[in-house]
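Hi there,

Here is the structure I promised to pass along. Have a look at it first, and then read on for my notes.

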Amino acid sequence: MNAPRPLSLLCELTYRCNLQCPYCYNPLDYHAYRDELTEDEWKRVVREAAELGVVQLHLSGGEPTLRRDLAGIVREASALRMYVNLITQGTFLDETALDGLVDAGLAHVQISIQAPEEELADRIAGTRVHQRKLEAIERVLQRNVALTINCVLHRVNHDRIADVIAFAERYGVRRLELANVQFYGWAYRNRLALMPTRAQVERGMQVVEDARRRLGDRMQITYVLPDYFEEYPKPCMLGWGNAFITVAPDGRTLPCPAAAAITTLPRVNVRDVPLREIWEDSQLFNAYRGTGWMPEPCRMCDRREIDFGGCRCQAFLLTGDAGATDPACRLSPDHDLVVAWRDGRDVLPFAPRIVEKAH
Amino acid sequence: MIETERLCFARGVVLREEDEASLLLVPEGAIFLNGTAAAIANLIDGKRTFAEIVEVLSEQFSEERERVAADAREFIERLRASGVLA
């Protein structure tokens with residue numbers, strides 16, 4: 001079938017990170033991605049994406065600022081009129097690093113915090129970093145670059161939403177993203193520790209609603225609901241192979257950042273195959289493109305062009321079949337899996353993501 | 001909306017014009033603009049007020065000022081609600 005125009009490229013520059021967040025979506029075997037693309041290889045990927053029509057570049061990881069060549073990659077993309085977004089935990093954004101990135105044309109920075117206060121934040125991150133993040137936030141606010149504060153929500157910090165909003169307000173931040181954890185990678189492994197309760201989610205919605213009313217257009221608050229608590233699945237990536245491309249640190253190319261978990265699909269690497277060929281012709285990107293692959297009940301569903309059958313990775317993780325209807329959908333024959341897990345009483349302490357030892 | 005206020009895009013919003021499309025690039029994605037929306041977006045420069053933008057548009061499209069103003073107001077209010085304006 002004809003491939004649509006991709007709009008967004010996510011480059012996961014490295015999976016290295018000094019934090020140990022238990023909700024990290026990176027693959028459990030992230031050590032297998034040590035052979036990272038070089039600066040020149042990333043620049044080639046960026047150019048090939050621009051030729052395909054991509055307008056937005058998201059630089060993420062792991063922690064992307066661990067790459068010393070980051071500013072060079074930003075500069076290449078800006079020169080191609082791409083909108084460059086850095087997704088970082090901020091602990092290495094000192095004056096020099098930040099100035100270099102802004103000078104290279106960075107348009108937006110997203111800094112994540114784990115919680116609105118140090119003790120809890122550092123406990124979740126598994127290391128003492130909260131204070132450094134605050135300094136990074138202040139630095140970014142002083143420069144001509146847009147900032148979003150992001151906080152991933154889960155059972156341990158979900159009752160602190162009002163404090164997270166107050167935190168953002170104190171800094172005069174215009175954009176706040178409260179994103180409920182999505183269960184991939186380490187988060188999937190820690191799902192019994194991280195799944196919020198229904199009461200938490202309902203309180204959270206109310207707190208966000210009140211804050212939006214109070215703050216008006218002074219702050220944009222995005223509150224991403226956990227799809228387990230909704231009737232229908234999320235429109236994951238706006239459809240497989242529809243708008244998004246992800247490139248993992250070693251050049252492995254995927255329709256979404258979690259798709260490496262789907263072990264039944266062929267691998268393709270941008271080191272070996274041009275990006276256009278991967279996007280247009282690869283078996284991987286065509287596997288669930290459009291609506292032709294859909295099983296019942298998606299096939300005849302009025303919502304098939306709204307949520308695209310939901311998330312392929314979630315379908316695979318829960319049912320073993322990446323081509324199944326996302327079990328988060330109440331119409332899925334496997335929906336009871338989600339119900340059991342969501343409403344289950346099993347709560348485990350979380351296991352931190354294991355930090356890679358120095359060699 | 002105050003008609004004498006100068007309209008300006010928020011930090012982190014970029015208007016991108018291509019041969020066959022105009023897009024507003026924002027932190028979480030891209031908004032494709034139709035012809036009228038693109039014409040309005042082009043006039044948001046931090047200097048012009050709403051009234052001035054309407055004036056230019058009504059000349060550009062040879063339309064009545066009131067009609068242009070109604071369309072422009074709706075679009076600009078949507079932009080404001082989604083945090084695209086400063």
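**Strands, crossovers and the contact**

In strand 3 of chain A, Tyr83(A) is the bridge partner of Gln56(A). Please keep in mind that this is a predicted model.

That bridge belongs to a parallel pairing: strand 2 of chain A and strand 3 (residues 83-88) of chain A are joined by 4 bridges. Between these two strands the chain passes through helix 2 (residues 70-79) of chain A, and this β-α-β crossover is right-handed.

Strand 2 of chain A also pairs with strand 1 (residues 8-12) of chain A, again in the parallel sense, over 5 bridges. Here Leu9(A) stands opposite Leu57(A) of strand 2 of chain A.

Is strand 2 of chain A enclosed by the rest of the structure, or open? Of the 5 residues in this strand (residues 56-60), 4 are buried, so strand 2 of chain A is largely enclosed by the rest of the structure.

Now to where the chains meet. Chain A gives 15 residues to the contact and chain B gives 13. On the side of chain B that touches chain A, the elements giving two or more residues are strand 1 (14-17), strand 2 (22-26), strand 3 (29-33) and helix 3 (65-81) of chain B. Sorted by class, that side of chain B has 7 nonpolar residues, 3 polar and 3 charged.

Best wishes

Conventions:
Residues are numbered from 1 along each chain as its sequence is written. Chains are lettered from A and ligands numbered from 1 in the order in which they are written. This is a predicted model: local features need pLDDT of at least 70, side-chain atom pairs count only at pLDDT 80 or more; totals for chains, interfaces and linings use all residues. A residue is buried if 20 or more other C-beta atoms lie within 10 Å of its own, exposed if 12 or fewer, and partly exposed in between; C-beta atoms are placed from the backbone. Two strands pair if DSSP finds at least two bridges between them. A crossover is right-handed if, with the strands pointing away from the viewer, the path from the first strand over the helix to the second runs clockwise. Two residues are in contact if their C-beta atoms, placed from the backbone, lie within 7 Å. Ala, Val, Leu, Ile, Met, Phe, Trp, Tyr, Cys and Pro count as nonpolar, Asp, Glu, Lys and Arg as charged, and the others, Gly among them, as polar.
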